[in-house]
Number of protein chains: 2
Amino acid sequence: MSFRIAVDAMGSDAAPAPEVAGTIAAAREWTSLRFVLVGDEQRIRAEAQKAGGLPSNVEVMHTTEVITPDEEPTKAVRAKKDASLTVAARLVKEGQADALLSAGSTGALVVVGTLGIGRMKGIDRPALGTIMPTVEQPVFMLDVGATPDARPEWLVQFALMGDIYARQILGLARPRVALLSNGTEAEKGNALVKATYPLLQELESVHFIGNIEARDVPFGGADVVVADGFPGNVLLKTYEGVAMALFKAMKQALTSSPITSIGAALAKPGLKQMAKRFDYTEYGGALLLGLKAPVVKCHGSSNAHAIRSGIRVMKLALEGDVIGRLADAVAKLPAQKPKDKGDSPG
Amino acid sequence: MSFRIAVDAMGSDAAPAPEVAGTIAAAREWTSLRFVLVGDEQRIRAEAQKAGGLPSNVEVMHTTEVITPDEEPTKAVRAKKDASLTVAARLVKEGQADALLSAGSTGALVVVGTLGIGRMKGIDRPALGTIMPTVEQPVFMLDVGATPDARPEWLVQFALMGDIYARQILGLARPRVALLSNGTEAEKGNALVKATYPLLQELESVHFIGNIEARDVPFGGADVVVADGFPGNVLLKTYEGVAMALFKAMKQALTSSPITSIGAALAKPGLKQMAKRFDYTEYGGALLLGLKAPVVKCHGSSNAHAIRSGIRVMKLALEGDVIGRLADAVAKLPAQKPKDKGDSPG
């Protein structure tokens with residue numbers, strides 16, 4: 001089976017260079033995959049030249065418009081019919097591609113994913129999930145920003161999605177799924193968390209280990225962490241921010257005297273090893289789950305390596321049939337009660 | 001003026017040792033302050049012996065019960081009339097003490113503060129505020145867990161409280177007050193943030209600089225960050241967790257080979273300087289704001305130094321008349337509309 005991946009070439013801060021170089025690297029490594037780079041053809045071909053030319057499994061589709069991060073997503077998607085992102089999504093919708101990758105605005109990707117590609121049956125809202133480093137094995141966190149103001153039954157769907165992702169992409173036999181809260185006890189949480197807890201306890205297919213505090217996430221306290229898109233986004237961005245701030249402070253501290261500078265030079269291999277462990281470009285971006293096809297969102301500041309890592313995640317999602325397995329799991333969910341916000345059957 | 005501070009001596013994980021040693025250190029340093037250590041008298045006196053004896057400005061009040069972190073706060077506070085925390089709060093309520101410090105459960109402190117000490121006029125809910133280190137000057141963040149599921153008008157009150165804290169305790173002339181969101185643009189956020197934004201824009205006494213992303217907090221993007229208690233708690237605990245995890249990973253990485261170990265030894269002064277900058281014990285715990293008296297909550301894992309830092313914050317709050325100034329600011333608030341959740345006059 002040969003999967004075809006539509007790559008929005010115009011999304012990243014330095015587009016299209018990282019998209020083109022990353023796609024070419026992936027295309028050379030995984031020759032069974034096929035790619036369509038969607039965007040400004042002239043610029044794409046110029047970048048491809050620098051990266052040693054386009055392999056035969058990479059095509060280019062020319063588009064004239066780009067959606068920028070400062071645009072209101074819904075308006076931008078409606079107005080720019082020839083935007084690289086919109087056209088790439090259309091390829092997926094029309095069956096000309098199996099999956100979509102973009103390093104552009106999350107908001108626009110959620111809109112394009114929902115309207116252009118469409119939600120999976122039984123899933124009410126998409127969730128953005130991402131792998132984060134810990135001192136143990138990585139953790140998969142969702143939702144990190146697609147759906148703020150979630151409802152309990154949506155978080156249940158997120159838990160199902162996270163569980164299947166962890167099985168298929170992380171290769172875990174029985175992922176520990178936890179609910180983000182402000183305390184580990186069952187009665188801790190805001191109204192949403194308290195209403196969701198008993199619903200997750202009843203999910204037979206998922207190994208729910210209870211609430212997790214944000215403090216325990218970097219220590220590997222769970223394999224999958226489920227959250228509303230607002231606090232989930234806060235967790236992800238605090239993670240990134242504190243790590244970056246500490247690396248910056250460490251650099252300043254280590255170069256504060258000649259002696260510490262010598263020490264830093266000697267310690268460099270160790271420090272590099274640590275920095276690599278906490279480097280998000282190793283982990284390949286986020287997956288927008290709950291749609292009819294796999295959609296990968298890479299960081300706006302992605303380099304070619306990060307795009308290639310995103311494609312690697314996409315490959316695993318396609319080969320592991322994450323979408324098919326998720327559809328099976330959703331079909332087995334107990335019938336939901338009507339939309340009564342915050343109620344639990346427990 | 002001689003302020004008298006009631007210290008719950010039984011709250012911390014290692015109680016009463018840190019409370020007793022920290023209070024004695026503070027009492028020796030600031031001889032104009034007076035203290036009451038509330039708890040098991042025999043154990044308190046034993047610890048005081050180790051710390052060189054009780055100074056004349058420290059008294060002991062014997063109690064027989066302790067509220068533990070795993071108890072349901074409201075039940076525990078109601079049931080244990082002779083708990084150290086309950087009795088310490090009663091001293092404040094009855095005018096025998098001016099302020100309360102505890103390193104026990106946050107939940108119990110919020111209940112005791114609200115029921116035992118009472119809310120300030122014009123404040124609907126208390127907020128827990130804490131100083132966090134950044135690569136620039138520290139930031140004051142509230143609410144970090146007292147009030148999840150906040151309403152827009154409560155966040156406005158939190159902004160007022162944070163502003164006054166930053167002026168009186170951090171000594172800032174015009175603190176930059178920001179609202180925690182999942183994007184910097186005015187239209188980003190969950191429903192609560194979107195409804196709160198225009199209300200903060202209308203606050204004349206506060207220098208509102210708009211939304212802040214969690215990623216920018218560790219870089220000093222604001223002096224005061226206002227949030228609902230749930231995402232605020234997630235931010236604080238992610239902060240702590242990632243910093244601890246990175247220090248742990250750094251230690252492992254630096255001792256991974258003989259060469260990096262030598263480097264680490266030489267770099268130690270620099271690394272220590274950085275660790276100190278990100279050490280919460282320097283910052284003296286959290287302030288429970290919105291009550292009729294200052295209430296300081298120290299970390300459960302506090303050592304004597306952290307308790308002493310908490311008392312330092314308390315001293316600044318008392319001397320800066322944070323409570324009086326806050327009452328003035330609240331009195332100047334525009335009249336609120338009735339409790340219509342999420343509505344903004346803008």
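Is Phe3(B) buried or exposed? With a relative accessibility of 12%, Phe3(B) counts as buried, because anything under 20% falls in that class. Keep in mind as you look around that this is a predicted model.

Let's stay with Phe3(B) for a moment. You'll find Phe3(B) in the segment before strand 1 (4-8) of chain B. What does Phe3(B) touch, if we leave aside its neighbours within four places in sequence? The list is Ser32(B), Leu33(B), Arg34(B), Asp98(B), Leu318(B) and Glu319(B). Take Leu318(B) from that list: along the chain, Phe3(B) and Leu318(B) are 315 residues apart, yet their C-alpha atoms are separated by 7.5 Å.

Now hop over to chain A and look at helix 1, residues 17-29. Helix 1 of chain A has 13 residues, and from its first C-alpha to its last it reaches 18 Å, close to the 18 Å expected at 1.5 Å a residue. Several of its residues are buried, including Val20(A), Gly22(A), Ile24(A) and Ala27(A). So what covers the buried residues of helix 1 of chain A? The cover includes strand 1 (4-8), strand 2 (34-39), helix 2, strand 3 (58-62) and helix 10 (304-319) of chain A.

One member of that cover, helix 2 of chain A (residues 41-50), packs against helix 1 of chain A at an angle of about 55°, with the axes 9 Å apart. The two helices are therefore oblique to each other, and their crossing is right-handed. Who meets whom? From helix 1 of chain A come Ala17(A), Val20(A) and Ile24(A), and from helix 2 of chain A come Ile44(A), Glu47(A) and Ala48(A). Sorted by class, this contact has five nonpolar residues, no polar ones and one charged. Here's a handy bit of background for reading lists like that: an α-helix has 3.6 residues a turn, so residues three or four places apart point the same way.

Back in chain B, Glu47(B) is found in helix 2 (residues 41-50). A relative accessibility of 18% is under the 20% cut-off, so Glu47(B) counts as buried. Not counting residues up to four places away in sequence, Glu47(B) touches Pro16(B), Ala17(B) and Val20(B).

Further along chain B there's another helix pair to find. Helix 4 (residues 84-93) and helix 5 (residues 106-117) of chain B cross at roughly 30°, and their axes come within 9 Å. This crossing is right-handed. On the helix 4 side, the residues are Leu85(B), Thr86(B), Ala89(B), Val92(B) and Lys93(B); they meet Ala108(B), Leu109(B), Val112(B), Leu115(B), Gly116(B) and Ile117(B) in helix 5 of chain B. Split by class, that makes eight nonpolar, two polar and one charged.

Finally, let's check out some details of the backbone. In chain A, the peptide bond from Leu142(A) to Asp143(A) is cis, with omega near 5°, and Asp143(A) sits in the loop between strand 6 (139-142) and helix 6 (152-168). Chain B has a cis peptide bond from Leu142(B) to Asp143(B), with omega near 5°. The loop between strand 6 and helix 6 of chain B also holds Asp149(B), which has a positive phi of about 55° although it isn't a glycine. Asp149(B) is partly exposed, at 38% relative accessible area. Asp321(B) isn't a glycine either, and has a positive phi of about 50°. You'll spot Asp321(B) in the loop between helix 10 (304-319) and helix 11 (322-331) of chain B, where its 43% relative accessibility counts as partly exposed.

How values were computed
Residues are numbered from 1 along each chain as its sequence is written. Chains are lettered from A and ligands numbered from 1 in the order in which they are written. This is a predicted model: local features need pLDDT of at least 70, side-chain atom pairs count only at pLDDT 80 or more; totals for chains, interfaces and linings use all residues. Side-chain values use heavy atoms; hydrogens and water are left out. Axes are lines fitted to C-alpha atoms, for helices over the stretch in contact, and angles run from 0 to 180 degrees between N-to-C directions. Helices (H or I, at least four residues) and strands (E, at least two) are DSSP runs, numbered from the N terminus. Angles under 35 degrees count as roughly parallel, over 145 as roughly antiparallel, 65 to 115 as roughly perpendicular and the rest as oblique. A crossing is left-handed if the near helix is turned anticlockwise from the far one by less than a right angle, and right-handed if clockwise. Contact means heavy atoms within 4.5 Å. Ala, Val, Leu, Ile, Met, Phe, Trp, Tyr, Cys and Pro count as nonpolar, Asp, Glu, Lys and Arg as charged, and the others, Gly among them, as polar. The expected span of a helix is 1.5 Å times one less than its number of residues. Buried means under 20% relative accessible area, exposed over 50%, partly exposed in between (1.4 Å probe, protein chains only).
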